[in-house]
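Biologist: I have a structure open and some questions about it. Can we take them one by one?

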Amino acid sequence: MAELRPPRQYSNGSVFVKYGPDGISKTAYYPSGRMAATYERMPGGFYAYFYADTRQATTLCTFDPSGYGFVSFEDGRPHLTSQRRGGSLVNESGSIEKSWTESKPLKGGAIEIQITPQMLFSFRSRRELAMKLTCMGLTEEFVLGDPPERADSYLSKSVGVVTMGPERGKQILDIDKCRQAAEAKQLLKASSASNTGMKKANINEDFMQKHEQLREVVRATDELQSSVKAGHWDVEVCLPKAMLAQTLGDQLPTLRMGDSLKGDPHNQSLKGMAAMEPDTLEVLLQSSGFDKGALPLSSVIKGASGRYRREHGEHVRTARRRLKEVKAKELDTFLNEEVPKGTLAVVCCLAGWLPQCRKVEPALELLNGELFEQAKAKAGEKGAPQSSFILCKFDMSESRLLRDRYNINTMPMYLMYYNGRLAYASNTLNGYGSSKDDLVAQARATLLSAQQGTFLPADFKFSLTDNRLTESFSATLSSTTQSLGTEQR
């Protein structure tokens, strides 16, 4: 183990620089005892941090192995920055004095910054920067931004950077250096192949005297080779059961390893192997007779809507029933001609992308299924009689017909028609409800009022604030503006 490098000390005996186990990593201290700098080796290289001699220990400078970092004033404001694409130098007023990029490097000499009376920073590029720390006549230098590079890297063959034109920023390589590096690589590869080529192993008596453990291996190998040449080995592709029992015995150790086989003697012997019994093997090889039909469904899937599963036949029954979807081009014909006279048609305006619509649609399908079952119970299996109201669906994502006709801006929206005339339009049901029971109550109430001749105007449209949730607020606002004598907007 290498000896640790002794620390450097001030004249009063306090530590100035303390070195790490590698002799390069180090930590510097001010005469006050506060930490001045740390210079640590990490997998990517050396990372450096420099601090002010204050109680707050403001970070004045920090750089990583690639030369990315910054230098700040004593109050913490940025002074110099270095990044992958370039950097800049800023004065105390915040104005940029110099800037540079990879394609346009820094011109002139190196930038020297006296960060504090003890720290002098020098910057030429992110690969050429250094820090000098001086305290009480002692000086320690730190080399920053020195990432490890391969000796055969293309950067070592670069003679400059293109600064103009479409190739700006690319490296200019020396062709002779590239050719020499390629030849050296070929020679190294050929030399390595000749030294480490595949050769026949030659273990002689002198070698075995150095490695006694090889004698037994060599003896067993020679015996095996002699027996193979003498023809003592006869390998059968299919070993009969008798030979297996004679060679391995009745008990198979490999079958007794699992916990699932413990206590079952049939699985621990050759007799328990299904492939050893011809009758059992024949049964195993028979076709399963699976018709690739529908598998039995769980109760959860049985109660799901048809939207989430394929059709599985008559054996699957669900309480839900899909809503009849009415297209825009057939909406008026459906309301005026297809809906039975005296029946209320509830058009549910939905959109598949809206979470509120996806949440309410299963409840509507359940109600639609209940209405269908009630109708079949009254009329038998042949047909369903007229009910008090029917449900249908209008996809607002496919057409703007109802949106433009009634100025609909809220979904889900419920439109109730009686004999082709609009009798109810709102996004809430039975007051401020939205459940299945609220829809039934609202449909019955609307049907009763429509039978008495109560309908919405033929040119009915929602205004910008027409919503049951804001209706009371709008009325209050209107009465307030009238009492104040202001003009209602």
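**Salt bridges and strands**

Modeller: Glu102 is partly exposed, at a relative accessible area of 38%. Keep in mind that this is a predicted model.

Biologist: Which residue forms a salt bridge with Glu102?

Modeller: Look for the closest N and O atoms of the pair, which are 3.1 Å apart. A salt bridge needs a distance within 4 Å. The partner of Glu102 is Arg126.

Biologist: How many residues apart in sequence are the parts that this pair ties together?

Modeller: Arg126 lies in the loop between β12 (119–125) and β13 (128–135). Glu102 lies in the loop between β10 and β11 (111–116). The pair therefore ties together parts whose separation in sequence is 24 residues.

Biologist: Is Arg126 buried or exposed?

Modeller: Its relative accessible area is 14%. Buried means under 20%. So Arg126 counts as buried.

Biologist: Which residue forms a salt bridge with Arg405?

Modeller: The closest N and O atoms of this pair are 3.2 Å apart. Arg405 sits in helix α9 (residues 401–406), and its partner sits in helix α7 (residues 331–338), 73 residues apart.

Biologist: Where in the chain is Glu361, which meets Lys393 in a salt bridge?

Modeller: The N to O distance is 3.1 Å. Lys393 counts as buried at 16% relative accessibility, and Glu361 is buried at 10%. Lys393 belongs to strand β19 (residues 389–395), 32 residues from its partner. Glu361 is in helix α8 (residues 355–379).

Biologist: How many salt bridges does a search of the whole structure find?

Modeller: Some of them form a network, linking Arg8, Lys26 and Glu140. The search of the whole structure finds 17.

Biologist: Which are the edge strands of the open sheet of ten strands?

Modeller: The order is β1-β2-β3-β4-β5-β6-β7-β8-β9-β10, with antiparallel pairing. Each edge strand pairs on one side only. The edge strands are β1 (8–9) and β10 (96–101).

Biologist: What is the bridge partner of Phe63 in β7?

Modeller: Strand β6 (residues 59–63) and strand β7 (residues 69–72) run antiparallel, joined by three bridges. In β7, the partner of Phe63 is Gly69.

Biologist: What does helix α3 (residues 214–229) reach from its first C-alpha to its last?

Modeller: Helix α3 has 16 residues. At 1.5 Å a residue, 22 Å is expected. The model comes close to that, with a reach of 23 Å.

Note on methods
Residues are numbered from 1 along each chain as its sequence is written. This is a predicted model: local features need pLDDT of at least 70, side-chain atom pairs count only at pLDDT 80 or more; totals for chains, interfaces and linings use all residues. Side-chain values use heavy atoms; hydrogens and water are left out. Two strands pair if DSSP finds at least two bridges between them. Helices (H or I, at least four residues) and strands (E, at least two) are DSSP runs, numbered from the N terminus. The expected span of a helix is 1.5 Å times one less than its number of residues. A salt bridge is a side-chain nitrogen of Lys or Arg within 4 Å of a carboxyl oxygen of Asp or Glu. Buried means under 20% relative accessible area, exposed over 50%, partly exposed in between (1.4 Å probe, protein chains only).
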